[in-house]
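User: I have a structure here and would like to go through it with you. Could we start with how the chains meet?

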Amino acid sequence: MKPGPELTNGDAYVVKQIPYGPGCWLIRLAAPIHAPIAAGQFAHVRVDPENDAPLLRRPFSFWDTHVHDDAWTSVDLLYTVVGRGTALLERRRPLDKVGFLGPLGRGFTPRRDKRIFVFVAGGVGIVPFHLFAKQIRRSGHDPRIILLFGARTAGALWGVDDFPALDVEVHAATEDGSRGSKGLVTDLLETRLRKLRRRDLMIYTCGPDAMMKRVIQSARRKQIPCEASLERRMGCALGACGACVTRVRDGADWRYSRICLEGPTYDAADLVLDEAQA
Amino acid sequence: MPRSPKIRPPRLETIDLSAQLGPLRLANPVLVASGTFGALMDAVLDVDRLGGVVEKTVTMLPRKGNPHPRVWETAGGMLNSIGLDNHGLEGWIQKRYPRIRGYRCKLLISVSGRTTEEFAALVRRLDELPRVDAFELNISGPNVSRGMDFGVDPSKTEEVVRLCRAATQRPIFAKLTPNVADVAAVARAAMNGGADGVSLINTVRGMAVDWRRRAPCLGGVTGGLSGPAVKPIALRMVWEVARALPGTPIMGIGGIMNADDAMEFFVAGARAVQLGTANLVDAGSAIHILNALPEKLASIGATRLRDYVGTMEASDR
């Protein structure tokens, strides 16, 4: 693995927090980041660098990036409050310090040979797709982008209204039917796939493991290439501790791959699915 | 021991941080502990400034390790059950050694065998590598099958160390487990077997429970507790070994997050310290501590760290 001399490990400052729904915030951080950031990469954030509680950092995907001329970059992380770390992050105010380590991991691969990108997102798994859509639109490659976004309820379709401006067709599925079709996003995917030409397609997915497992199964059945972005509890996020692993194919056998190094984005063909569900 | 605050503090650049642990001389007393350093970490800190790197434990054959979740944060600490996930001896030599052989700090290689003979075989093979400075015998990992729990038995400990001693001239440190009633007895056994010093403590066996799922939180069921929560246990054990075996080179490990924590271990009897969990929290922790240590020593009028090791005054029990 090539060392990234451009990796930033230091203090970032909170610029602002913008509410994005109940229990969901966009936090903008200013940090001396020199490396280009690819959608699907992540930052490992120490929510309170002056305190040992919580002890470990928390990984977050990039929602957006803003590059400035003065070497300071600001990044937007969209997060939901799910535990102690994110509850503390919610209380950080402008000019508070947070520890920033990143950008880390492998992002999505934009497949320039495909005309239609299908994003399948569940819950807060939506985050990397915002930056991805933005980067695709800037790249000159102009695929049709279809976002299939599932959540429990309409209020949990975080940031969904930011996508049409990026020329993304949005189709929502909610478990309670409060927006879009009632049911699971994976059913929505099955319906859509019937209407599209297989060889035009590339699927990207990020969300709960059970959802991604079904997405990957659909993609395999129809022989559509697919990339999945995984999440695990992490330790160092630098590949040293071996905490965040998933099973990947290794010849006829399998091995544990360190998500922070080789992921979090994987070619779905490499993943061993039983583990992805656990 | 100059302790008066009236003494003019020495200039920071003259403070001597070097440490001598038996035949092993370290430029400074801060090392990174086994299993908490590797991969991209040398991209975010200057490895050459460290006293040493203790490599993640190498086993004879590759090990896949345990299912996830492999870490679980707990109050003031974390549990891990990685399960000695590693490339195995020959894989390590091919894939990992070329990357670390260029480090200018000391390289200590942690090894773990299923049998005493396997420990010795690992040491013998690694001893052929020119850049290996010392060995740390992991006789105490909590995340592997019972066969590897040599460290809870003084006679087994002595036997393992003795066989490894015959396999190398290089310094040997035995890494001790806290999961014993009398750590000094195990330390004594290690020294009798020919160790040059001891590292303590390894993680404390623990568990986290998800009562709603009625299941353990860790994929490996039980794990090893580390971080600030275990520091008092580690300090007590370092002190016990230092007191029972005066002059034994000790590397202190357990919840060291900053220079004050490190100083506590030095006065309790450790000549050097290893950072573990701190590297996961901030890969730059060792450098932050190295930057702060001279000032800590200067504030008590000390010019040499080693004058300060084991100077805690504590009356007998």
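User: What area is buried between chain A and chain B?
Analyst: This is a predicted model. In it, about 2,800 Å² is buried between chain A and chain B, and carbon and sulfur atoms give 61% of that area.

User: How many residues does the contact take from chain A and from chain B?
Analyst: Chain A contributes 35 residues and chain B contributes 33 residues.

User: And how many salt bridges are there between chain A and chain B?
Analyst: There are four salt bridges between the two chains. One of them joins A:Arg84 to B:Glu73, with the closest N and O atoms 3.1 Å apart.

User: Which strand of chain A gives the most to the side that touches chain B?
Analyst: That is strand E14, residues 253-258, which gives five residues.

User: New topic. Which residues have the most contacts inside the largest nonpolar core?
Analyst: They are A:Ile203, A:Leu238, B:Leu137 and B:Leu200, in a core of 133 residues. Domain 1 (8-104) and domain 2 (116-229) of chain A both supply residues to this core, so it lies between them. A second, separate core has 50 residues, among them A:Cys24 and A:Phe132.

User: Is A:His141 buried or exposed?
Analyst: A:His141 has a relative accessible area of 12%, which is under the 20% cut-off, so this residue is buried.

User: Where does A:His141 lie, then?
Analyst: A:His141 is in the loop between helix H2 (127-139) and strand E8 (144-151) of chain A. A polar atom of the A:His141 side chain lies 3.4 Å from the backbone oxygen of A:Lys114. Beyond its neighbours within four places in sequence, A:His141 has contacts that include A:Arg111 and A:Phe117.

Methods:
Residues numbered from 1 in each chain as written. Chains lettered and ligands numbered in written order. Predicted model: local features only at pLDDT ≥ 70, side-chain atom pairs only at ≥ 80, totals over all residues. Heavy atoms only, no water. Core = buried A, V, L, I, M, F, W, Y, C linked by side-chain atoms within 4.5 Å. Buried < 20%, exposed > 50% of the residue type's maximum accessible area, 1.4 Å probe, protein only. Domains from an automatic or database assignment. Helix = DSSP H or I, 4+ residues; strand = E, 2+ residues; numbered from the N terminus. Polar contact = N/O pair within 3.5 Å; in protein donor to acceptor, adjacent residues only side chain to side chain. Contact = heavy atoms within 4.5 Å. Buried area = accessible area lost by both parts, 1.4 Å probe. Salt bridge = Lys/Arg side-chain N within 4 Å of Asp/Glu carboxyl O.
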